[in-house]
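I opened the notebook today to look up a few places in this structure, and I am writing down what I found in the order in which I looked.

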Amino acid sequence: MSNQTKPDVKVRRFPKAFVWAHAINGISFFALYITALPMYTEFFDWLYPVFGGPANARLLHRIFAVTFITPTFILLIFSPKFLMLWLKELITWKKRDLEFFGSFVKELFGFKFKHIKQTFFNAGEKINSILQMFCAILVICSGFTMWFPEYFPRALVQWGYLFHNVGFALGIAVIVGHIYLSVIHKNSRPGYSGVITGEVPARWAKDHYQEWYEEEVKKGNFPELDDPKHKKGA
């Protein structure tokens, strides 16, 4: 990367495989939610004609159920190194992760705060990932029993409907918070480009993930923004 630092210089945060996996996961989740609405309540029966009838709605729901599980395989095949980094981050917790939450609350409500040095994922993102993984497992496993009820005890299938609803409800709540922080909140919004192009503003990345950024600087991958000879225009 060029040593010349400009105000709009960006660094790569996510591999292209993650960008695709993230997009497929998000689209599939919302498609599953929308196609399921008329199956849960008559209030949304008006959606059936949009999908071509109840049978087509169920077919679309199952198609998107299959695409919903593909992101993991995309990362496993095309970017296993990133997948391992992600999983390693989720199980690695240190004092700074707990300190992050105090700073995060201040940042969330617009108070003066100090960035806590973080690695590739901050503690909030770790919690978000863990909750989304939990919801996904709940939805997938319960959905499997509902799709093939003839292979499971009736009681398990009935419980599957309950857990399916709980998984989706919790998943929606987590995603609403995730969208707010990534798209709307002014301090975290600059990072949204990461899930679109894989790249984020260098200064934003250094402020929010200082430890990770400094490691990349040592490897020669990122510019040293605080180097006096590069500060001009940084």
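Entry one. I noted at the outset that this is a predicted model. I looked for nonpolar surface and found a patch of about 680 Å², made by W93, L98, F101, I127, I130, L131, F134 and L170. The elements that give two or more residues to this patch are α6 (95–108) and α7 (123–147), and the largest share, four residues, comes from α7. I then picked out I130, which sits in helix α7 and is partly exposed because its relative accessible area is 37%, a value between the 20% and 50% cut-offs.

Entry two. I moved to the loop between α6 and α7, where H115 is placed, and found that H115 is partly exposed, with 31% relative accessibility. Setting aside neighbours within four places in sequence, I recorded contacts of H115 with S103, D207 and H208. I also looked up the pair H115 and F100, which are 15 residues apart in sequence and lie 7.9 Å apart in space, C-alpha to C-alpha.

Apart from neighbours within four places in sequence, R13 is in contact with F120, F121, E125, G198, E199, V200, Y209 and W212.

Conventions:
Residues are numbered from 1 along each chain as its sequence is written. This is a predicted model: local features need pLDDT of at least 70, side-chain atom pairs count only at pLDDT 80 or more; totals for chains, interfaces and linings use all residues. Side-chain values use heavy atoms; hydrogens and water are left out. Patches are made of residues with over 30% relative accessible area and no salt bridge: like charges are joined within 9 Å, nonpolar side chains (Val, Leu, Ile, Met, Phe, Trp, Tyr) within 5 Å. Accessible areas come from the Shrake-Rupley method with a 1.4 Å probe; for residues, only the protein chains shown count as cover. A salt bridge is a side-chain nitrogen of Lys or Arg within 4 Å of a carboxyl oxygen of Asp or Glu. Buried means under 20% relative accessible area, exposed over 50%, partly exposed in between (1.4 Å probe, protein chains only). Contact means heavy atoms within 4.5 Å.
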